[in-house]
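Q: I have a model open and would like to learn how to read its features. Can we go through some of them in turn?

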Amino acid sequence: MCSVRCPIKVLVKNNRVQWIEGNPHVPGIEGSLCPRGAAGISLLYDNERLKTPLIRVGERGSGKWRKADWDEALDFVAHKLGEIIEEHGPHSIVLGERTQLATHVSKTFMKALKSPNHFTHDAVCKGSVNTACRSLFGYTDAQMNMDYKNVRQIVLYGRNIFEAISVKEVNTLMEALDKGAKLTYIDPRVTVTATKAHRYWMIRPGTDLALNYALIHIILKEKLYDTDYVERWVHGLSDLEAFVEKYSPEWAEKETGIPAAEMRALAREMSEDKPSVIFHFGYRGASHTNEIYLRRSIMMLNALMGSIEAKGGFFFKKGPGEVGAKAPRKLTEQKFPKIEMPRFDKVGTPDFPLPDPNHGVAQMLPQAILNDDPYPVKALIAFRFDPLMSIPDKNLTRKALDKLDLIVAIDINHSETAWYSDVILPESVYLERTDCIQQADGLKPQLFIRRQAVPPRYDTREGAMILKQLGERLGIGSYFPYNSMEELVQWQLEGTGFSLKDFEAKGFVAYGKEQIFWDRKTGIKFKTPSGKIEFRSSLLENAGFESFPEYEPIPQPSDGQFRLVTGRVALHTHISTQNNLYLNEICPENVLWINSAKASALGIADNDTVTVASEQGSGKIKAFVTDLIHPETVFMLHGFGHTAAAASRCYNKGMADTVLQANVSDKIGGSPALHETFVTVERV
Ligand SMILES: Nc1nc2c(c(=O)[nH]1)N[C@H]1C(S)=C(S)[C@@H](COP(=O)(O)OP(=O)(O)OC[C@H]3O[C@@H](n4cnc5c(=O)[nH]c(N)nc54)[C@H](O)[C@@H]3O)O[C@H]1N2
Ligand SMILES: Nc1nc2c(c(=O)[nH]1)N[C@H]1C(S)=C(S)[C@@H](COP(=O)(O)OP(=O)(O)OC[C@H]3O[C@@H](n4cnc5c(=O)[nH]c(N)nc54)[C@H](O)[C@@H]3O)O[C@H]1N2
Ligand SMILES: [Mo]
């Protein structure tokens with residue numbers, strides 16, 4: 001139901017799913033689920049999901065399809081891809097996906113075809129967090145996690161943890177709060193998380209960086225940091241000291257609207273509880289062209305508190321290698337032909353040197369297609385990813401898609417991109433399929449498996465089988481040495497010492513019994529060139545970027561404009577559950593949060609329909625007039641405004657943020673700057 005993939009237990013009787021609950025054997029889950037997890041049954045039994053392969057017969061987006069059997073659909077796609085490869089080369093094919101359990105399969109598909117153009121959702125989710133962590137520690141954010149259980153103080157910058165949910169995180173943090181941990185929440189909007197915080201700051205949007213420079217200023221001036229840890233592990237402290245000299249709390253108070261005295265209070269409290277403190281690096285909070293420096297400043301605060309690789313702080317995830325064992329195999333371990341062409345997004349070239357090449361930068365796709373830059377792109381395979389809804393500026397993305405010779409969607413729903421594609425290859429939903437092994441690194445390395453609970457209701461297949469069968473038709477079948485998902489999983493487990501049987505009791509296995517922390521005095525294995533936490537970053541500076549650029553305020557809305565901010569709610573997953581029978585019933589559309597004083601000046605009352613417009617596009621939505629949002633900002637839930645008629649429950653309900661947002665990026669870190677769009681709001 002969501003990319004977080006919380007472990008579940010499914011009760012099946014007579015091949016029908018009766019009940020879904022959290023996996024009782026997983027600490028922190030113990031039976032519980034979020035609303036979306038519980039609504040899995042209504043996905044399985046939804047008769048509006050994709051049922052058979054479809055080939056388009058009308059105009060793109062017209063919704064005119066003919067049903068095809070699998071052989072016909074796969075032959076059709078393979079034939080078209082073959083022609084495109086022949087004429088334009090394999091690099092003219094792009095495959096984009098949400099990182100998932102079959103990612104090693106789709107990467108293999110692209111590598112074998114000799115295309116460099118596999119990208120994931122990572123950049124549009126948290127690209128700059130990834131780059132910031134690599135610049136400081138030599139690890140990605142995904143290779144780190146937080147020890148919520150033992151935390152004493154936690155600061156969340158728009159990390160709306162009690163609505164944008166991972167069940168284990170929520171439960172573990174609630175327990176820590178019950179035991180006395182303190183929560184500070186910072187957001188221009190009063191979220192559910194704000195209501196549970198000990199301290200809440202309604203920050204002026206886009207100014208978190210100013211706040212952090214002031215916090216660092218206080219911590220260094222008052223020597224509130226962990227001196228032993230910093231001396232041993234930090235490279236560039238004196239540079240930082242000179243840099244933050246001018247960023248006083250009084251200066252930051254003017255920028256952020258947060259009283260200087262409160263900043264001092266937080267810095268001192270954090271110091272008292274160090275190192276069991278967390279400044280969460282966040283995902284989709286402040287989202288601006290300088291995001292990399294915000295994420296770096298958050299992680300520098302953690303480093304100053306000595307909370308990296310500390311109980312109750314951050315830790316590096318330990319893999320099977322840490323206990324002398326072997327990780328599950330991945331198809332990507334095979335030998336592939338060399339690829340000379342650069343990526344479509346230019347990641348890894350001097351134009352865009354720093355984003356993670358394992359993921360690429362999704363939101364560069366429209367520009368690459370529209371400008372034939374760096375070369376013509378001709379085909380897109382969208383696998384569990386919806387570019388039209390998940391890349392900012394829907395109209396621009398649609399224009400780009402119009403230029404393609406082939407669009408293939410591997411999905412479970414009539415997503416916006418599926419609706420606009422040429423061929424739809426329907427995947428079985430998670431309850432109907434066995435997936436690849438999930439390697440879950442952490443304080444204790446573990447492996448999880450998701451096994452088929454019931455047979456597919458319709459003529460659908462698993463993604464890893466679909467790609468294999470396409471590969472066979474394209475002459476790269478030998479890269480897929482399996483005939484079923486069970487065989488693939490067995491192949492993956494070779495050498496790990498585990499077999500499928502070992503998963504039967506609990507759904508997962510652990511490599512060892514003990515939690516592994518590295519020795520804080522001698523043993524933290526930072527993977528930076530200096531072996532330390534690089535405040536002065538070789539990654540940034542070798543690429544020609546500064547480690548400590550002067551603070552520059554982000555562009556501000558002019559009179560009559562608002563900054564558009566978006567986010568999630570506990571009842572939906574991004575853009576994919578709006579048509580779910582249960583979830584649609586409790587949250588059928590999104591609304592526009594607008595500050596009461598501003599609304600009254602514009603003559604807008606609660607529940608009025610308003611037109612929201614930006615340079616990119618416009619649409620209509622109901623207003624939610626409230627004091628619970630900063631006057632400079634309006635907010636809407638991400639994920640609504642679907643136009644695929646076949647998904648009738650969410651068809652034309654609410655509005656899509658992507659229609660409004662400009663496609664601009666943090667050109668160092670790789671995230672889209674989703675909150676740099678200004679809108680006007682008018683009563684209809
Ligand atoms: N229910 C549910 N849970 C999910 C998901 C889901 O789709 N549904 N998706 C998962 C995924 S992939 C992700 S990445 C995470 C996302 O987790 P979060 O990043 O916590 O989620 P968002 O809802 O995007 O929350 C962003 C918050 O930032 C605030 N914000 C906006 N501008 C600023 C600013 O300038 N400063 C500060 N401090 N805050 C600001 C917004 O008001 C909003 O409340 O959630 C995960 N969990
Ligand atoms: N404008 C804007 N853009 C955003 C965001 C935002 O807040 N605003 N948030 C960003 C974030 S944090 C993220 S993580 C991304 C997420 O972006 P996406 O990955 O595009 O969003 P999802 O809703 O996770 O689902 C994508 C597609 O996967 C399909 N799907 C779901 N389950 C399955 C399955 O089992 N198999 C197959 N084949 N398909 C499946 C869904 O039907 C949907 O079409 O979007 C990012 N983009
Ligand atoms: Mo995300």
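Predicted model: local features only at pLDDT ≥ 70, side-chain atom pairs only at ≥ 80, totals over all residues.

Q: Is helix 4 mostly covered, or mostly open, and what is the count of buried residues?
A: Mostly covered: of the 11 residues in helix 4 (residues 103–113), 10 are buried. Among them are Thr103, His104, Lys107, Phe109 and Leu113.

Q: How do I read two packed helices, and what are the values for helix 8 and helix 12?
A: In general, the angle between the axes and the distance between the axes describe two packed helices. Here the axes of helix 8 (residues 208–221) and helix 12 (residues 260–273) cross at roughly 60° and come within 9 Å. The two helices are therefore oblique to each other. The crossing of helix 8 past helix 12 is right-handed.

Q: Which residues make that contact?
A: Helix 8 supplies Leu211, Ala214, Leu215, Ile218 and Ile219, while helix 12 supplies Met263, Arg264, Leu266 and Ala267. By class, the contact of helix 8 with helix 12 has 8 nonpolar residues, no polar ones and 1 charged.

Q: How do I read an aromatic pair, and how many does the structure hold?
A: The distance of the centres and the angle of the planes describe a pair of aromatic rings. This structure holds 25 aromatic pairs. In one of these, Phe243 and Phe548, the ring centres are 5.6 Å apart and the planes stand at 40°, so the pair is tilted.

Q: Where in the chain do Phe243 and Phe548 lie?
A: Phe243 is in helix 10 (residues 237–244), and Phe548 is in the loop between helix 20 (538–542) and strand 21 (562–567). They are 305 residues apart, and the pair links distant parts of the chain.

Q: Are Phe243 and Phe548 buried or exposed?
A: Phe243 is buried at a relative accessible area of 6%. Phe548 also counts as buried, with 12% relative accessibility.

Q: What are the values for the pair of Tyr247 and Trp251?
A: This pair is tilted, with 4.8 Å centre to centre and 50° between the planes. Tyr247 is buried, with a relative accessible area of 4%, whereas Trp251 is partly exposed at 24%.

Q: Which residues do ring pairs link into a cluster?
A: The cluster consists of Phe137, Tyr139, Trp233, Phe316, Trp518 and Phe526.

How values were computed:
Residues numbered from 1 in each chain as written. Chains lettered and ligands numbered in written order. Heavy atoms only, no water. Axes fitted to C-alpha atoms, helices over the stretch in contact; angles between N-to-C directions. Helix = DSSP H or I, 4+ residues; strand = E, 2+ residues; numbered from the N terminus. Parallel < 35°, antiparallel > 145°, perpendicular 65-115°, else oblique. Left-handed = near helix turned anticlockwise from the far one by under 90°. Contact = heavy atoms within 4.5 Å. Nonpolar A, V, L, I, M, F, W, Y, C, P; charged D, E, K, R; others polar. Phe/Tyr/Trp six-rings, centres within 6.5 Å; stacked < 30°, edge-to-face > 60°. Buried < 20%, exposed > 50% of the residue type's maximum accessible area, 1.4 Å probe, protein only.
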